Amino acid sequence: MSDKIPNLDYDADEVIENFKSKFKWPSSDEIEIAVKPPKLALKLLLSFLTTVVVGAVAYYIMIPALNFKSPDFYTFFILLIAVFTGSFYLFIGAGKKVERKEYFKKRSIVPIIMVAVLVVVMVVGWLVGSTFFRAKSYSNLVTVQESDFSEDFKDIKYDEVPRLDATTSKVLADQQLGSLSEYKSQYVVSSVSTQINYQGTPVRVAYLEYADVFKWFNNTKNGLPAYMLIDLVSQKVTAVNCIEKFGEGIKYSPTELFNEKLVRHLRFQFPTAILDIPNFEINDDGYPYWITPVLDKTIGLFGGTDVKGAIITDALTGESNYYNIETIRTDSTLNWIDVVYNQNLLVEQYNYHGKLSNGFWNSIIFQNDVNIASQGNGVIAMDDDVWVYTGVTSSEADASNFGFILCNQRTKELRYYQKGGAMESSAQESAADAVQNYGYRAIFPILLDIEGQPTYFMSLYGDSYTVKGYALVNLDDKTIVGTGLLDTEKSDVNALNAAVENYIAALKDKNKVDINANADDYKVTDDNTSVIDTVNDDAKTITGVVTDVKTAVNNGNTVYYLQIENKYYYISVNECMNVLLVSAGDTVTVTYTTDSETFVKATNVVK
């Protein structure tokens, strides 16, 4: 009887838990079965199509070079792998069912391995191209040849060197654009300009940008109508109307959107090219082009950046042609191209040479014969090419230079001159100190040869960034300074002549030159001609007596109106400083392009 009576000695909670366990779904960390999702082929296809769509959008935005030497190439493909993997995860419902999540985990090993391989390739490629392992290769990126200062600089004339830098050129271009009612509300001058030689004269060319996205919608059909041309010697500025001169506007530029955006346009034409920043240039006829350097990584996978060629793009039509660097250096039909190597790349390559010629550890510990370019650089014209100028100092950033270099921006020729003296920044301070009561500052200097003395030449500017005068500072002795100011000399030419006269007088006082040295050998003539006048094929001139002179201020610019034969010819002071000297009764020659009944826009006035 007692054998049939159940044992009542048990734990009720234990019984309940045992009962519940029979119906409990296993947790994700307990399951071991991976179930193949239904319609797997379809879901793989959907994942692939999603990757294609997202990848196309990403490519359009990122526009990476499809080149294994470009870091963007690896970033783009890692993104594609991530998109495909994420899409597959969603389409198979791995977030909802544990067995499908297990299936996803097993299948995700392949993309993880692919990403890992790409990362390893990038790391190894960077390591084998680092300066630690390849110091000698980096030091040989550029060949440095010593040159003779007096011989090379003898043909650089004092009155033909640039008197404006990028900043002051931009200010003048803004002022000129602001005086042109057809442009000023729709466009702005780009902050990026290119210094080139145009018909033997140093100029800067700057493209226009749309003032905002609404102005782009309003004007993109016809493109940018003009570009700005700034004569760095005469300081005249003009807006060259491409529609009037060449029949159409600039359709491809960095300021465009969508397919007309320059870099995207080039990427579709050259998908594997590693592109540098495009430079805006014009040929000898004033026709606009984009010069885009094509880079190569010559050390390891990502190191040793150098230029292997350039793409020349018609800014109006978008037609492009690639030329290797040797062709650009030797083909005479391409001599109008001035900037292929940008300033930063040239200075970087020289710094590698100066620091690493004796090995990596020497550049860190012993520093024997280690030198670098000084802070800042300028641009000068020589041998019909554009050269980057910068001083050379020790790696400890001394207060003086022991030499300087010139780097050709078309050929990469690099010349070293062993001429020690004051650093450029120190010379700028000396020039500013000489006119401290005016509060003027100096642009980055250009080195000239005056009476056999290496001499820094600088323009002086005020708060408005317009040129107020000129200064000359001796390289060996920065206390030898000569200045000439427009405030006292009343004209640009007189200010230049005063500066050289005062400088040679100071050289004589310090017994730096012979007592018979004559400042008249360097003085500037007042012809006031400008290369800009040659841009307009339909330029006209009129010579006559000025019967009336009126002035007006337009957007901060003083505009002179000269009455000749019942018409007023007007020009702003920043375009032609010679107009300051014109009075009623003077006989002048006025250059203009478009005539009208009463008011005629002049491009030049010669007294």
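Two strands count as paired if DSSP finds at least two bridges between them. That rule is needed at several stops of this tour, which goes through a predicted model.

**Stop 1**

Select residues 378–382, strand β12, and then residues 385–394, strand β13. The two are joined by 5 bridges and pair in the antiparallel sense. Which residue of β13 stands opposite Ile380? Trp387 does. Strand β12 is mostly covered, with 4 of its 5 residues buried.

**Stop 2**

Now select residues 288–299, strand β8. Of its 12 residues, 10 are buried, so β8 is largely enclosed by the rest of the structure.

- Residues 274–275 are strand β6, which runs antiparallel to β8 and is joined to β8 by 2 bridges. Leu275 has Val294 in β8 as its bridge partner.
- Residues 279–282 are strand β7, paired with β8 in the antiparallel sense over 4 bridges. Opposite Phe280 stands Trp290 in β8.
- Residues 303–314 are strand β9, joined to β8 by 10 bridges and running antiparallel. Trp290 stands opposite Thr313 in β9.

Strands of a sheet pair through backbone hydrogen bonds, and showing the backbone is a way to look at this stop.

Next, look at the two turns. β7 and β8 form a hairpin with 5 residues between them, and Gly286 in that turn has a positive phi of about 85°. β8 and β9 also form a hairpin, with 3 residues between them. Gly300 in the turn between β8 and β9 has a positive phi of about 65°.

**Stop 3: an open sheet with a helix on it**

Select β2 (187–198) and β5 (237–241), then β3 (201–210) and β4 (226–231). These 4 strands form an open sheet in the order β2-β3-β4-β5, with antiparallel pairing. Why is one side of β2 and of β5 left without a neighbour in the sheet? Both stand at the edges, each with a single partner strand, so one side of each has no neighbour in the sheet. From one strand to the next, the twist averages 30°.

Between β4 and β5 there are 5 bridges, in the antiparallel sense.

Then show residues 166–178, helix α8. Helix α8 packs on the sheet and touches β2, β3, β4 and β5. The direction of α8 makes about 125° with that of β2.

**Stop 4: Glu575 in a loop**

Go to Glu575, in the loop between β26 (567–572) and β27 (587–592). Is Glu575 buried or exposed? Its relative accessibility is 5%, so Glu575 counts as buried, the cut-off being under 20%.

To see what is around Glu575, select Gln176, Gln235, Lys236, Val237, Lys601 and Ala602. Glu575 is in contact with these residues, leaving aside its neighbours within four places in sequence. For a distance to draw, take Lys215: the C-alpha atoms of Glu575 and Lys215 are separated by 27 Å, and the two residues are 360 residues apart along the chain.

**Stop 5: helices α3, α4 and α5**

Select residues 71–91 for α3 and 98–107 for α4, then 109–128 for α5.

Begin with α3. Its end C-alpha atoms are 31 Å apart, which agrees with the 30 Å that its 21 residues should span at 1.5 Å a residue. Its buried residues include Phe73, Tyr74, Phe76 and Leu80. Among the elements covering the buried residues of α3 are α2 (40–62), α4 and α5. After α3 comes Gly93, whose phi is positive, near 70°.

Helix α5 has 20 residues and reaches 28 Å from its first C-alpha to its last. Which residues of α5 are buried? They are Pro111, Leu118 and Gly125. Turn the view to look down the axis of α5: the buried residues fall within an arc of 60°, so they line one face of the helix. Their cover includes α3 and α4.

Finish where α4 and α5 pack, at an angle of about 35° and with their axes 5 Å apart. Here Lys105, Lys106 and Arg107 in α4 meet Ile109, Val110 and Pro111 in α5. The residues of this contact divide into 3 nonpolar, no polar and 3 charged.

Technical notes:
Residues are numbered from 1 along each chain as its sequence is written. This is a predicted model: local features need pLDDT of at least 70, side-chain atom pairs count only at pLDDT 80 or more; totals for chains, interfaces and linings use all residues. Side-chain values use heavy atoms; hydrogens and water are left out. The expected span of a helix is 1.5 Å times one less than its number of residues. Buried means under 20% relative accessible area, exposed over 50%, partly exposed in between (1.4 Å probe, protein chains only). The arc is that of the directions from the helix axis to the C-beta atoms. Contact means heavy atoms within 4.5 Å. Axes are lines fitted to C-alpha atoms, for helices over the stretch in contact, and angles run from 0 to 180 degrees between N-to-C directions. Ala, Val, Leu, Ile, Met, Phe, Trp, Tyr, Cys and Pro count as nonpolar, Asp, Glu, Lys and Arg as charged, and the others, Gly among them, as polar.
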